[in-house]
Amino acid sequence: MTRAPVRWQAEAIWEAVAPRLPGFTVEILPEIDSTNTELMRRARAGRTEPTLLVAQAQTAGRGRLGRPWQSQATGVAATSAGALPSLTFSLGLPLAPADWSGLSLAVGVSVAESLQPELPAPGSGTPRIGLKWPNDLWLDGDRKLGGILVETASFVAPQGAGGPAALPAATRYVVIGIGINLLARSGDGMNTPPAFLGEVDASLDAPAALARIAAPLVAMLQSFEGYGFAPVQPRFAARDVLRGRAVTLSDGQAGTAHGVGTDGALQVLTPAGMQSVTSAEISVRPAGRALPPT
């Protein structure tokens, strides 16, 4: 069937962001291989202006460690006229924080709070949007709702600009890629079926979700540039789905997750003692339910 045109709120997003991010643009594409890949291509060619790039479909979306990000939906919900199965976009901008540690966690906090500003009480029947270290949004601590991919490139002066003399020497062009399931997807081959945003708020289609996320995300990135992850740590802790759970690290070590430090490192208590997990190459797989609070 032919999908009805999607009515994006691009102008409203631009009006909300441009005053605090000069040169900001919003682009909506019907299809591309990957929004992250495209912005990284542009950065390497010297096109490093702040850009929100949205794709209605991705043919080669990527997650962490090069894993493919599937954006197809299945079932009755997927046939809704005009409905996109997922929201996929990337935000690229120059950034120069003193410490990059915890950036993906700060992004996750911003997105989760935009989509669900207040966590519902346990047992309320409303799913809770939580955060799984280091870059996933989960629903009720068990099912993946979305993912975040952060990439950086050495900053290159915008073409024809003569060089951004006012920018710090440590500036890099950061690309924040975000993918969120909007409609139900097949769970074939998975231990648990993926979550989708309609379970939290059925009124949030792709344009509405993007409009909620964009401006607060820019504000979070600018705050992170000035102050790092430490001020955001308590907000991450409120949505941490791994804290108190048995986990297994990709190197085979097993232990219990004890939250994250002010630098965003995951703290895991193992038989060898407390380990601070910082490498993006280390995956953490939950191995049981969280312990009840004490």
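How many bridges join strand β3 to β7? In this predicted model, in which residues are numbered from 1 along each chain as its sequence is written, local features need pLDDT of at least 70, side-chain atom pairs count only at pLDDT 80 or more, and totals for chains, interfaces and linings use all residues. Side-chain values use heavy atoms, with hydrogens and water left out.

Strand β3 (residues 86-95) is joined to β7 by 10 bridges, and the two run antiparallel; helices (H or I, at least four residues) and strands (E, at least two) are DSSP runs numbered from the N terminus, and two strands pair if DSSP finds at least two bridges between them. Within this pairing, Ser 90 has Gly 177 as its bridge partner in β7. Strand β6 (residues 143-154) also runs antiparallel to β7, to which nine bridges join it. Here Glu 151 is the bridge partner of Val 175, and Ser 154 stands opposite Arg 172. Of the 10 residues of β7 (residues 172-181), nine are buried, that is, under 20% relative accessible area, where exposed is over 50% and partly exposed lies in between (1.4 Å probe, protein chains only).

The open sheet contains seven strands in the order β1-β2-β3-β7-β6-β5-β4, with mixed pairing. Its edge strands, β1 (25-29) and β4 (129-132), each pair on one side only. From one strand to the next the twist averages 20°; axes are lines fitted to C-alpha atoms, for helices over the stretch in contact, and angles run from 0 to 180 degrees between N-to-C directions.

Helix α3 (residues 103-115) lies across β4, β5 (136-139), β6 and β7, at about 40° to β7. Helix α4 (residues 206-227) packs on the sheet and touches β2 (51-55), β3 and β7, its direction making about 25° with that of β3; contact means heavy atoms within 4.5 Å. Because 12 of its 13 residues are buried, α3 is largely enclosed by the rest of the structure.

The axes of α3 and α4 come within 9 Å and cross at roughly 145°. On the α3 side the contact includes Leu 103, Ala 106, Val 107 and Ser 110, and on the α4 side Arg 212, Ile 213, Leu 217 and Phe 224 are among the residues involved. The contact residues comprise 13 nonpolar, two polar and one charged, where Ala, Val, Leu, Ile, Met, Phe, Trp, Tyr, Cys and Pro count as nonpolar, Asp, Glu, Lys and Arg as charged, and the others, Gly among them, as polar.

Technical notes. Expected span 1.5 Å × (residues − 1).
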